[in-house]
Amino acid sequence: MVDFLAENNLCGQAVLRIISCGNAIIAELLRLSEFIPGVFRLKDKADQQKYGDIIFDFSYFKGPETCEGKLEAKPELLDLDEEFRENNIEILTRFYLAFQSVHKYIVDLNRYLDDLNEGIYIQQTLETVLLNEDGKQLLCEALYLYGVMLLVIDQKIEGEVRERMLVSYYRYSAARSSADSNLDDICKLLRSTGYSSQPGAKRPPNYPESYFSRVPISETFISMVIGRLRSDDIYNQVSAYPLPEHRSTALATQAAMLYVILYFDPSILHTQQAKMREIVDKYFPDNWVISIYMGITVNLAEAWEPYKAAKTALNYTLDLSNVKEQASRYAAVTERVHTQVQQFLKEGCLREELVLDNIPKLLNCLRDCNVAIRWLMLHTADTACDPNNKRLRQIKDQILTDSRYNPRILFQLLLDTAQFEFILKEMFKQMLSEKQTKWENYKKEGSERMTELADVFSGVKPLTRVEKNENLQAWFREISKQIMSLNYDDSTAAGRKTVQLIQALEEVQEFHQLETNLQVCQFLADTRKFLHQMIRTINIKEEVLITMQIVGDLSYAWQLIDSFTSIMQESIRVSPSMVTKLRATFLKLASALDLPLLRINQANSPDLLSVSQYYSGELVSYVRKVLQIIPESMFTSLLKIIKLQTHDIIEVPTRLDKDKLRDYAQLGPRYEVAKLTHAISIFTEGILMMKTTLVGIIKVDPKQLLEDGIRKELVKRVALALHRGLIFNPRAKIQDWQSIYQSTHIPIPKFTPVDESVTFIGRLCREILRITDPKITCYIDQMNTWYDIKTHQEVTNSRLFSEIQDTLGTFGLNGLDRLLCFMIVKELQNFLSMFQKNIWRDRTVQDTLKTLMNAVSPLKGIIANSNKVYSTAIAKTQKIWTAYLDSIMKVGQMQILRRQITNELNYSCRFDSKHLAAALENLNKAILADIEAHYQNPSLPYPKEDNTLLYEITAYLEAAGIHNPLNKVRITFQCLVQFHLFYFVNMCCFGFFFGAGVVCKRPADQIDWLPLVLGLLTLLKQFHSRYTEQFLALIGQFIRSTMEQCTSQKIPEMPADVVGALMFLEDYIRYTKLPRKVRENSMSPVCSTEGGSCSGELNLGLCCGYVLAV
């Protein structure tokens, strides 16, 4: 019959692929459960107020039109909804695909069962598959994994959160319009069950059987699978645990499967007492806390409480006398085996001869150790006992008392067992690899001894007092041939024959009185020794390693091991060499990866790498967490050294009186420094003793672990110092942006905020913005200094950024610059949002803008009665200027700060890294020249879209200060918005010129000039360049029209509005570095033919001359 798992067996491969997919789905669910966006929980009042109106549960489906109508009625909710969609659609899609995979899994399983029943697979039916050893394993696993998926989803992703995520995905994706979408079925399967994993939460009625029955599964299939699990040892584990008291441990994997699958047929749990009694007697006679999948534990006393038959069957197991008996037994076993293991681990005890002679004894010791550790870890775990359940609490207290439970002793037993197991495995692996070579060497040595002895009795090679004996000579030659004829491949026959040869050599020594000749006796003894070694070597079998792998399973502790972290770290702190034993423990824990990866590997699934990386990454993260105590201890010692050297140890002067030498010696503090320094070196040696280890598929290098740990602790302490040191009086709130330097291994720590900032960089940035606020300060560009508007005292200057760089370094100053960039983007977005709410949708303002547009067309002309035209437009829009002006001023203020930071970065780069600065400048010029040449001649090369050169060089240029912050385009506008916004910006500008002029009428109305100029410059930079040209043309038209009116009315002085406009135009041209010709073109009018009108050249000259005079 064809092997069920063979590649050409379609029936076996189909179910194997389903199970492989199931293990991958569970890994993905566990991975995603750590990345649930917090807003979907709606726990905080702030989240409820902000997102409560855009996040819906399944009640949304009762009236989607109503919910969407409420959103559309409020523009601010629409904007928030769009922002929320952009931020979360990627993770929502990932969650939806995982949920979809769960539904697809059970659909595929049902289809496979239908195919089996319909005879699609030739000569295969459900009955024949369950008779096959591999077949019954796979079918049981298929149903079990589906149950595990549902339990994992409910435990890790709460029902309300699932519903909100599914509704959000439905609203934000194209799934609603897709005809192939099975979103409805997924929602029905994963709707909230009412279950909560929070301690003390009440269990919903009929849970989880009602949850498991949402997708119907063949009752016949469920019944036959339960029957197989009840009666068979489907994994043949009992052979690895021959002792009857270990049977429940041997069948633990099968017991977990049966526990999950029984929920698919709850009638057994409720009413069928005979079956439940059979199940409990076989699987749970001495245990009631089980691990169902990768450390997810369940206490049967609590889980089976609602089921009458199950509860009744479990009563004997949970009887306090039985609990006491089991706890006392495992206490005695623990004490006995711990002594044995410590004896085996003594130096020189585990020699090859002893191991080969005592394989059964060693394996029995390993079994006892692992069984005891498993029982005690599971039944004393805090997660297995609900503190609110009186009966469970009573049982646990009984266990702790009778087992004399001490977590340190249990942890020490785990360490020693892992080390013992690791040494044995390594020895057996080496012996297996050398098995044939050694066997052949022993055979050759034994044969040669017999040949030499035959020669001795031939008389050719004289030996002291050995007479010639042809019979013995022939006999020994025959024995030599017999030894050489032993065949390694036929181990059974070779072993039997070897035993006969040993007996023959003993008999020849006894019957022929050869004991009197010591040399002959020595030859015979050596040959018997080689033959004994051959028997030992031939008995080295891979089955021993397999048994050790089965017995040493630690998958049940995948999550429980975390409760021993503090004990591990304390042990390392006391004795850094403990790391070597921990290495063995981590490798033992890595064996848990075999459980989910076995079927994925057998199916040759592409998910193998992804699943391996997830579980290996989780384990490596835990290793890092445990070993982080070493860098922490090192830094604690360093702090003590710094304190001693700073405060206690007095500096020895260059000249010193002899009688004061004792005072300066300070032997006590110096001894303490030496002691602490030695402790640091011991910690370093401790982690380096671990050696490079392959944990799953990830190689763990101890040197890299030490370096990452030191960097993590350094980042933590520096961040804490800055967090405590940089505290100001907060006034504003900025968003928490994720750093590109964030790392899972060396994370930037997050402290409890002392104000509205998340990190010290945010507080520093906000404090700089506060003290340079354009409402209270005036910036003088020529002096790079801010002055207080009221007192005229200096507030700060460019030295501030030099000091920041001295304190935080180039990376800190560059980070401050990046934060300002994001804040500018946010302010520009706020400006656009305000415009859309207040201007674009305001009919009055729209009409005013249209009237003004008609009045100023064409731009090269002069407006008749310009004073009235501008005054009317300003009067109708004046009330809404303030907010927009504040936004523009904030952008300008931040641009000034960015220019100062850029200058400081460029200055320091030129001095500290002149070669880097020169190389970057030349590379930048070369790239720009090539790009310019490409646009002139498209046949020339240009960087492709997938070429990252431009992005990478930009980061270097910004860090070196070789860029102009004013030339950046940060956001894009829709064309319609650009058109109206452009004229509105001009309105603000004209209002400033017309109403305020250069000198404000009231001191309270004073506005810092340069932030306004740079703010408008930045805003207009976001548009197409033609808008800048039109903007300048409008200012030129304003100046010409006003001057024309002044000339016609014979006003002798130039109006303040014109002076302000000219100054604005002059500064705008200077900071944008536009050619002077642009300014002249914007002010050149169409020459008038009527009398009394000044020529354009004369008008422009008079204006500029007057501004210069002012």
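Predicted model: local features only at pLDDT ≥ 70, side-chain atom pairs only at ≥ 80, totals over all residues.
How many Å should the 23 residues of helix H39 span at 1.5 Å a residue, and how far apart are its end C-alpha atoms? Select residues 914-936 to find out.

**Stop 1: around H39**

Stay on H39 and show its side chains. Ala917, Leu920, Glu921, Ile927, Ile931 and His934 are its buried residues.

**Stop 2: the whole protein**

Zoom out. The protein has 1110 residues, and 49% of them count as buried. Its secondary structure comes to 46 helices and seven strands. Take the contacts between residues at least 6 apart in sequence: 78% of them join residues at least 24 apart.

**Stop 3: helix H37**

Select residues 866-877. This is helix H37, with twelve residues. From first C-alpha to last it reaches 17 Å, close to the 16 Å expected at 1.5 Å a residue. Colour Ser866, Tyr870, Ala873, Ile874 and Thr877, the buried residues of H37. They cover an arc of only 95° around the axis, which means that they sit on the same side of H37. An α-helix has 3.6 residues a turn, so residues three or four places apart point the same way. Now turn to the face directed away from the buried side. The exposed residues Lys868, Ala875 and Lys876 are carried there.

**Stop 4: where H21 meets H27**

Select helix H21 (residues 407-458) and helix H27 (residues 579-590). Their axes come within 8 Å and cross at roughly 80°. Angles of 65 to 115 degrees count as roughly perpendicular, so that is how H21 and H27 stand to each other. On the H21 side, the contact is made by Phe411, Gln412, Leu414, Leu415, Asp416, Ala418, Gln419, Glu421 and Phe422. H27 contributes Thr580, Lys581, Leu582, Arg583, Ala584, Thr585, Leu587 and Lys588. Colour this contact by class: it has eight nonpolar, four polar and five charged residues.

**Stop 5: Arg164**

Next, pick Arg164 in helix H7 (residues 159-172). Is Arg164 buried or exposed? Its relative accessibility is 13%, so Arg164 counts as buried. Show what surrounds the residue. Leaving out residues up to four places away in sequence, Arg164 touches Phe40, Arg41, Leu42, Ile55, Phe56 and Asp57.

**Stop 6: backbone exceptions**

Finish with the backbone angles. Most residues other than glycine have a negative phi, and most peptide bonds are trans.

- Pro208 lies in the loop between helix H8 (183-190) and helix H9 (209-212).
- Arg404: phi is positive, about 50°, although the residue is not a glycine. Look for Arg404 in the loop between helix H20 (390-402) and H21. Arg404 counts as exposed because its relative accessibility is 53%.
- His792: phi is near 60°, a positive value in a residue other than glycine. Find His792 in the loop between strand E6 (785-788) and strand E7 (794-797). With a relative accessible area of 59%, His792 is exposed.

Terms used. Residues numbered from 1 in each chain as written. Heavy atoms only, no water. Helix = DSSP H or I, 4+ residues; strand = E, 2+ residues; numbered from the N terminus. Expected span 1.5 Å × (residues − 1). Buried < 20%, exposed > 50% of the residue type's maximum accessible area, 1.4 Å probe, protein only. Contact = heavy atoms within 4.5 Å. Arc of directions from axis to C-beta. Axes fitted to C-alpha atoms, helices over the stretch in contact; angles between N-to-C directions. Parallel < 35°, antiparallel > 145°, perpendicular 65-115°, else oblique. Nonpolar A, V, L, I, M, F, W, Y, C, P; charged D, E, K, R; others polar.
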